[in-house]
Amino acid sequence: MKKERESFLRNFIEAFTKGDIFTKLSILIFGTGYVARGQYVKAVILQIVQVLFFVFTFGFSLNYMSKLGTLGTIQREEIFDPKTLSKVVNDYDNSLMILLCGVIGIIFIFLYILLSLSNVKACYELQCLKKDGKHINTFSEDLKDLFNHKFHITLLTLPSIGILLIKVIPILFMICIAFTNYDGDHQPPTYLFTWVGLENFKTLFTSTSTVTFGYAFVRILLWTLIWAFFATFSTFYGGVLLAKFINDKKTKFKKLWRSLFVITIAIPQFVTLLLVGKMFSDYGIINSICNKIGLVGFLQDIGLVSKGLSFIPFLSKPGWANVMVLLINLWVGIPFQMLSATGILMNIPEDQLESAKIDGATERQIFRKITMPYVLFITGPSLVTAFIANINNFNVIYLLTNDYVTTNMSYANSNAKEVDLLITWLFTLTNDYSNYKMACVIGICVFVISASLTLLTFTRMIAGNREEEFQ
Amino acid sequence: MKKVIRPVLRHLFLAFLAFVWLIPIVWLFVTSLSSYKGINTMHFFPDKWSIDNYVQLFTRPDTVANFPAWFKNSFIIGVFTCMISVVFVLMVSYAFSCMRFASRKKLMSFYIILDMFPGVLSMIAIYFVMKLLGLTNSIFGLIVIYSAGSGLGYLICKGFFDTIPLSLRESAKLEGASEYTIFTKIVIPLSKPMIVYTVINAFLAPWMDFVMARLMIRSKDPVNWTVAMGLFNLVQRTLVGDYFSVFCAGGIIVAIPISVLFLIMQRFYVEGITGGAVKG
């Protein structure tokens, strides 16, 4: 990767030093290099791009970028004007807009520099072509090239603009927020917020009697990892076993069984999860049935439910709720795993199974020594993805524990609950308490965890040359 | 004797599992046919049956529930998201899998890393970006949000393209086909399972997501909501007593388009998930 970057810069320097006056000029005025070689249409297009960039920067984003250092200094004030009998608002700074537009402005400058460097290189190539007396593409030939040798540019442009808009800008913006004091007390447009350095990261690891982020963070992180581990492997094994069971030769009506389980996928998760949450609520239907058959009394006798309660706190007490969400997640996840495992199981080479049978292997041996390794080999990478998806599994936790109220003050002080994952904690912080700064710090932590996990397993896949193995 | 018992046990076990899995679904269905509007906490089956909930859903929109409008909005969003996402994913996958250009691997890793940022975190920022563009409170804005980033999900599809024999593309090139021709005439027709997989995922997103929609659409008029937003609103504490069985009816109706999609594409779906993985 480093080599590529170096050669990009070296190519540029070579092009710039060896280029003639037109090539050199093209770093300032984009079109010159093309005009000199007779590519007029291209020259006009690039010139328009350059002019648009300058209009954007000097007319719009420079105004915000210049205030990025302080994130604004003039607070909003309303003054009652006795002459016109109306309120007049001063020309105030909006920290949020300054940060957002500042980030956008910087991204555009970065893109502009990249464009101008590669522009000089392109002009130099044209210069060489002309010197050697070779054919220089006309505009229509250039267009045709965009659908052939340079087709990747055509393919990637639109998706990349989308990614820039929806992913890159928001992510950079949110990373910046982690280093500011943007919270409920510093909300634009009424108030300003400003840079505070690593202050929020320190808060995340402190636990005192009033600030309990350190206390909550360690526990929630641990629960997130436990949840992700159990949720991933329980649904995975459950799904494979169920698929194996249904696909067995001795099972009749395979299609019927499969569709019975698939029905649960057809109803959107948020409907079924909200419904199951209501079924298991303190005064819900499951509890009245448990009361009728005397289960509540029994659990009270063996000490699993405290005496003061007349119901089983499925989703309202720590411990109970943690186990319940894992169990309900089985209900949600196994049909999905069953579906994909069915496809894999059907692809197991028949000859291996046959020869194992001839050698006298029992069914359990075949499952453990042939089926399972085969399934693991194929789905290994997707298990990592599933693990990360479970770290970020917002729906199951949020919809099931919507009504959960914590009684532990150390959790409550940092707006957390015992059953929260990092991701739901983050959401509560932003949505209910406007504590953006801490939410962003937690978000960065989640990212670091998922990214390091992925890098550990996927680097080989991307960096190695395995992608051409099967072509 | 053993020969009779074991298959019976096997099927009884499956029947028990299926029973457990179907309880919530059955409850959803019978509650949607209850004449009592709140949550029935004492009995599994309703005391009085009626189809009034469905009638109310479709013919009597009020200030909190306007199901026909929600359904229409979600459907429009689903269809457009689907089309844009499929096109984007195919385009990015082809560029990464079949073409060789400078900084290709750099871009691939960059996209993978970007995809790992928690979506919930950037939601707030996306809201501000959309506000800057004036796209909040509109269906168009939601379509942009659901589909614009879809290029990042190229990994599975690229894995699938990697398994298409190189000789196929090379012989086409010898015949004088351009990359565009290869993409549209050879690779796309071969990638039907991938297209189905992407279509299902993209179409379902707007039916399932209520968080992003609730954040983007601030309108208090239910005409502008999506199905997920509206149904979620119905089970909030203040409304659940009067609308729970209506919520259940809504849940059943939403399952219809999704089931139809599944039935049509069920065969491809299994192939689609594993097709790429099995071969590579």
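Start by selecting Phe253(A): it counts as exposed, because 12 C-beta neighbours lie inside 10 Å (buried means 20 or more other C-beta atoms within 10 Å, exposed 12 or fewer, partly exposed in between, with C-beta atoms placed from the backbone). Phe253(A) sits in the loop between helix 9 (213–247) and helix 10 (254–266) of chain A; helices are DSSP runs of H or I with at least four residues, numbered from the N terminus. Its phi is positive, about 50°, although Phe253(A) is not a glycine. Most residues other than glycine have a negative phi.

A word on the model: it is predicted, with local features needing pLDDT of at least 70 and side-chain atom pairs pLDDT 80 or more, while totals for chains, interfaces and linings use all residues. Residues are numbered from 1 along each chain as its sequence is written, and chains are lettered from A and ligands numbered from 1 in the order in which they are written.

Next, select Asn415(A), in the loop between helix 18 (409–413) and helix 19 (422–431) of chain A. Asn415(A) also has a positive phi, about 60°, without being a glycine. With 19 other C-beta atoms within 10 Å, Asn415(A) is partly exposed.

Now colour chain A by domain: domain 1 is 2–80 + 88–197 and domain 2 is 203–280 + 315–470, bounds that come from an automatic or database domain assignment. Their C-alpha centres lie 40 Å apart.

Finally, show both chains: 78 residues of chain A are in contact with 78 residues of chain B (contact means C-beta atoms, placed from the backbone, within 7 Å). Highlight helix 7 (residues 151–177) of chain A, which gives the largest share of chain A's side, 17 residues.

Key:
Contact = placed C-beta atoms within 7 Å. Helix = DSSP H or I, 4+ residues; strand = E, 2+ residues; numbered from the N terminus.
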